[in-house]
Amino acid sequence: MFCSEKKSLEVERIVKANDREYNEKFQYADNRIHTSKYSILTFLPINLFEQFQKVANAYFLFLLLLQLIPEISSLTWFTTLVPLVLVITMTAMKDATDDYFRHKSDNQVNNRLSEVLIDSKLRNEKWMNVKVGDIIKLENNQFVAADLLLLSSSEPHGLCYIETAELDGETNLKVRHALSVTSELGADFSRLAKFDGIVVCEAPNNKLDKFTGVLSWKDSKHSLNNENIILRGCILRNTSWCFGMVIFAGPDTKLMQNSGKTKFKRTSIDRLMNTLVLWIFGFLVCLGIILAIGNSIWENQVGDQFRTFLFWNERGKNSLFSGFLTFWSYIIILNTVVPISLYVSMEVIRLGHSYFINWDRKMYYAGKSTPAEARTTTLNEELGQIEYVFSDKTGTLTQNIMTFQKCSINGKIYGEVHDDMGQKTDITKKNEPVDFSVNPQADRTFQFFDHRLMESVKLGDSKVYEFLRLLALCHTVMSEENSAGQLIYQVQSPDEGALVTAARNFGFIFKSRTPETITIEELGTLVTYQLLAFLDFNNIRKRMSVIVRNPEGQIKLYSKGADTILFEKLHPSNEDLLTLTTDHLSEFAGEGLRTLAIAYRDLDDKYFKEWHKMLEDANALMDERDERIAGLYEEIERDLMLLGATAVEDKLQEGVIETITSLSLANIKIWVLTGDKQETAINIGYACNMLTDDMNDVFIIAGNTAVEVREELRKAKENLFGQNRSSSNGDVVFEKQQLELDSVVEETITGDYALIINGHSLAHALESDVKNDLLELACMCKTVVCCRVTPLQKAQVVELVKNYRNAVTLAIGDGANDVSMIKSAHIGVGISGQEGLQAVLASDYSFAQFRYLQRLLLVHGRWSYFRMCKFLCYFFYKNFAFTLVHFWFGFFCGFSAQDVSDQNSMDYPQLYEPGQLNQLFNKRKFFICMAHGIYTSLALFFIPYGAFYNAAGEDGQHIADYQSFAVTMATSLVIVVSVQIALDTSYWTVINHVFIWGSVATYFSILFTMHSNGIFGMFPNQFPFVGNARHSLTQKCIWLVILLTTVASVVPVVVLRFLKMDLCPTLSDRIRQRQKAQKKARPLRSRRPQTRRSSSRRSGYAFAHQEGYGELITSGKNMRAKNPPLTSGLEKTLYNSTSWLEHFCKKTTDTVSSFSQDKTVKLYTYL
Amino acid sequence: MLLMPQKYISVTCRTKMKRTSKDGQSKLPDNTALKQQQLPASRLQLSATGVLSCFFATGVFCLGMGIILILSAKSIKEIEIKYTKICGNCAKLREDATNFDKVCTCSIPFYLPETMQGNVYMYYKLYGFYQNLYRYILSRSNSQLVGTDLKDVGNCAPFSKSHDGTPIAPCGAIANSIFNDTIILSYKLNSSIPIKVPMLRSGITWWTDKYVKFQNPSSINLSSAFAGTTKPPSWAKPVYELDEEDPGNNGFLNDDFIVWMRTAAFPTFKKLYRRLNRIQYFIEGLPAGNYSFNITYNFPVTRFKGEKSVVLSTLTWSGGSNLFLGLAYTVTGAVTWLASFSMMAIHLMLKDRKVLFIQQ
């Protein structure tokens, strides 16, 4: 307790390096993580407590207690105790195994080894033993063990590269750097061991992009920010080693702070069952009261005299007391409406479905040999009720692979494959890829299917040369040669990697760079360009340029960037080309490709020198430096000559489009929640057909303050309603809709809308008063994309929909950043077969590919749901029929509690359950079932009653004895419910036959066994029904009664069903039709419309790039000493070496905010 | 084509998925029909023709059966005489339990207008006697009745032991409340001396009851077998004196006792008392004429506002069924027919509408 109190109070954290004793007094959490719920000691109490929170379990416990009172017990207590104990043990065992695996995975993570500097030596320590303040060494491609302050690294200036895909889903590498004072420590163990800096920083929190702290070391203070921190969950890339000091460990790390609490998940059927159990209990109480009142009256009127005649024991029992006891007896007897076997069978059915999911070969991914796995067995039927799917982008929808797909060079499109007729066709396996074998440096993994580009290169098309040259020159890629002499590119952004690789394969090979030069191999000849200036990328400029001097002495500016920006900077002479390229860009954008426009400019020497002078001056300025530089960049990047455009595909996972299409046809809404940039997210939206150009409107919410966000939401809503009103006003057909508009607005929204919202706005929008606006708007949109969201925000969005919409949600993701949303959604799905395991461990279902979601939901989910509902309906029906017979009987036996059909009926309900494993059906027809059950019970009781009244058997003996009556009714019941289940069975398989016939056969065999002489001989008191079956079932009139009962109970059902099918098709009919429609629609939908309205021009620009790399390159800080900077005639070092780092940090921290500022038009439409 | 009825009983077989599995990975799920949910299945569909023809057939069957049952029920000859009021003085006498040792007889003459052909059965019938009371039904000891353990009086309270602690045999409320009237039917052949109509007491119990469920404890003679037990409080004589002439009808094996012990399901019930021994004048059954019931009135019913009657009845092939079953069958048959006609009408109407819709 003390510990947790302390934690809640922690306002700042003080950590001293290499001083465990000092840090211990703060009692910081160590690096051990717990995702498990129980320990051996706490398991029993906690688990039992959780289980008895289930209404049903509590209800049975209550019944059990009632049955322990002999006065009112009408059934023996062990009939409840045994199944209850069984159920609770089974659930507990399942929970225990689940938790065991969580312990195991925790252990696996906790026991990972990491190198810790202890006593000036590196020692292998388990992750869990790493303490705050320790200095640990990380190597390339290793997972980061805790949140670290970067001290030094193998790279110059203490730089290191990390991949944060696990944390935020962003694909580009990020740079972190050590403070210059600490980066000098290098890999010197003795110096590192002596490092005794004290870090004072913020308390643990879940903000992934913020960190503030101060390092005090050697009497000086250095401020720390997010750029100095490497977070747990990242992977070290392109850096052979680095040292870091642990700031936050284990549960305090930002990753763990972002993972939501594990919640006890229940299906909506479970919740419905809970309510139903309560209702039924209420119903039972009513029945009990009716019968108890009846009993009191009877006792009063008849029973009294009757008792005296029978010398009934007068223990001062009055009629009221008798009624009171009767009430409880009936509660116990009537509990068969919700027998505990219902819960057992539900669990068994769910378990069976889980196995069906595990066994499904169609969800087996051969590529990674991972089958689908149902990790929880209790949620299956909920899979059939999903309304919202929340999907991560990176790794779930996309493969995180960028490929160069198409380009447009000088008005000519390359990359499309044409068939013999000259028609565009899809790329298939039949198409021969371009053979790059002539080029020994070519990247073998690169594939391109349009041979015309290679032909153009061979023909020597100068524009094509220039295009490829630009791709090889204008980038921030670093090159390296591996041991085999192969050229390896270290890319910061995967887009650039794709572009440079494409240029490489077409003969323009980027070889190496220094701060001043870029060497490329142009079709076999080495050419070195002087790098005169690097006009870096940022999110406002949306472009990057290099100014180079070629060996001939010409100065050229090469630029690539967003088409919207670049096209404004073109020389007027480009107009014709511009229209052509614009068409091409629209086409690319329509296919969801990420496009960049490519342009160049010839500069004359004098102009450039002047400009360069001005740039240097601007750099020397103290204030307004950035603005001046930006102005200068604008100045030189004009009158550009358009070369063309590139189209890079962010490769989708297999079958994503088809899956999304069919899911949305199934009326499932898909929201994409990603940590990635807005442009990227939108592009993926288009690539997945979630956003289309046919959409009426796409709302973009990118406000920075609460007020802005509210205003934007309001406008969007107005827009939506306004458009709808105007469109419906104009059309007479919609008049009816217009009328409905006021009542059910949401239903009548015509047309497709999409909402795109970023993390900053989301933070404001999730505030309580705006929440509803957001939700309302979002739910009216066909597609919702949330970008730049933190893991916790993902969970908040899910919670929002879950709580305010009462919809069943599913979250699917692959990385640690998805864990919290996976946990908070009703159903969490993890993509397995990847490196990280967190998502899978937190999930309820896991499989290897997004596309299996379709099968999981539409096949398994639907089946599970239909089967479960059908089962429940049937079960309730059967039990109502069975139980209410007691009720009717109550009126004829002086309201004394009476178990009519005795043990034989108690035994058989279980026999049906497995037989139901193969049926499909329908919704919560609880009341229909109830009514049906009541009707059947009436038929079951009153037909035998009427027939037996005053009747005699064939041998003249009376047949209206209580035992014969019970046997007749039980037999009728079994036959009626068997016929009923036969009618309900949609698909008759061998199993169905076995179980349905088997259960009837079992009933009769049990009946005859229990009524046999032998068993009576052994237990005369327990089995008093001897000879009953033999005697009753040889009577013709009993069979006539059974037959009539069956006909009378089944005929109305068949009539109703027939009429329903004729008059209005059932839900399953409709779904069958819908499925047919899906099959028909799918091929149509997957083909994108080739012709587009020119007015729907949309930029396909997306570029995973970060500002600051240009400066890194031109300063040469990220280059190894083995590339000694060449001195050149021109002044190269634009900034002095101390200032660039600060500048870099400033720039990168600004990225996010500047990103949202660049939305000058906050809300615009594509119409 | 579209005019054709669209639903037929169709048996669609889902073909087994055939997949060549070359990859022998251990994680690959087995390709069995069960695991892949690909078991061959047939679908049951409610087709119009199928359902309607089924309904017509059911209707015909039910109507036919109903008529047969009604006719056979009509053919039953039955006479019921309520004798609680007729023997009013006896009833009054029995209201006071202290008069248990006073014998009261009552003679009820009646005229049988028609011959009762075939087997004739004599029943006693009780009104308002709740033999189906929960605690009443349980108030017996089967292990005692089967003769294995006379001392086992488990559920019998308050009729388990006498005041001095001797177990009661047979114990329990059912046994204690046994119907103990004696009914003798006599026939006045020539308006002279009445002839006692020969009656059989055998064959009025279930075979299993007589030979399995009820057994006397084994001993040389019955009275010693029941030594150490006492008679139920309402009984006049101990169980081993029920029929001292016929050992097969004495003790627990007494037919009247066994019949009584098979508790009725409803508060109004009749139990078989005797059946006609078809000899002498009665080979054809009971001839028409003057009869009288000579009743030794022991069983008090007025205290619980009940009534007693004696019933003579013949049987048909389906037993002594009442009209209800026949009527119920007829009604069900008629309703089924009605339903099938209206279903057909609706179905045809809908089909017409569909045709219209298509033509438009």
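In these legends a residue is called buried when its relative accessible area is under 20%, exposed when that area is over 50%, and partly exposed in between, with a 1.4 Å probe and protein chains only.

The structure is a predicted model, in which local features need pLDDT of at least 70 and side-chain atom pairs count only at pLDDT 80 or more, while totals for chains, interfaces and linings use all residues. Residues are numbered from 1 along each chain as its sequence is written, chains are lettered from A and ligands numbered from 1 in the order in which they are written, and side-chain values use heavy atoms, with hydrogens and water left out.

**View 1. Cysteine A:C779 and the closest cysteine sulfur, in A:C781.** A:C779 has a relative accessible area of 5% and is therefore buried. Its sulfur lies 8.9 Å from that of A:C781, which is too far for a bond, since a disulfide is a pair of cysteine sulfur atoms within 2.5 Å.

**View 2. The disulfide between B:C87 and B:C106.** A search of the whole structure finds two disulfides over all chains, and in this one the sulfur atoms are 1.9 Å apart. The link is left-handed, with -80° about the S-S bond. B:C87 sits in the loop between β2 (78-82) and α2 (88-95) of chain B, whereas B:C106 belongs to strand β3 (residues 105-112) of chain B, so the pair links distant parts of the chain, 19 residues apart; helices (H or I, at least four residues) and strands (E, at least two) are DSSP runs, numbered from the N terminus. Both B:C87 and B:C106 are buried.

**View 3. The disulfide between B:C90 and B:C104.** Here the sulfur atoms of B:C90 and B:C104 are 1.7 Å apart, and the link has -80° about the S-S bond, which makes it left-handed. Because B:C90 lies in helix α2 of chain B and B:C104 in the loop between α2 and β3 of chain B, the pair ties together parts that are 14 residues apart in sequence. B:C90 counts as buried at 0% relative accessibility, and B:C104, with a relative accessible area of 9%, is buried as well.

**View 4. The two domains of chain B.** Domain 1 of chain B comprises 51-74 + 316-333, and domain 2 comprises 77-315, with bounds that come from an automatic or database domain assignment. The C-alpha centres of domain 1 and domain 2 of chain B lie 34 Å apart.
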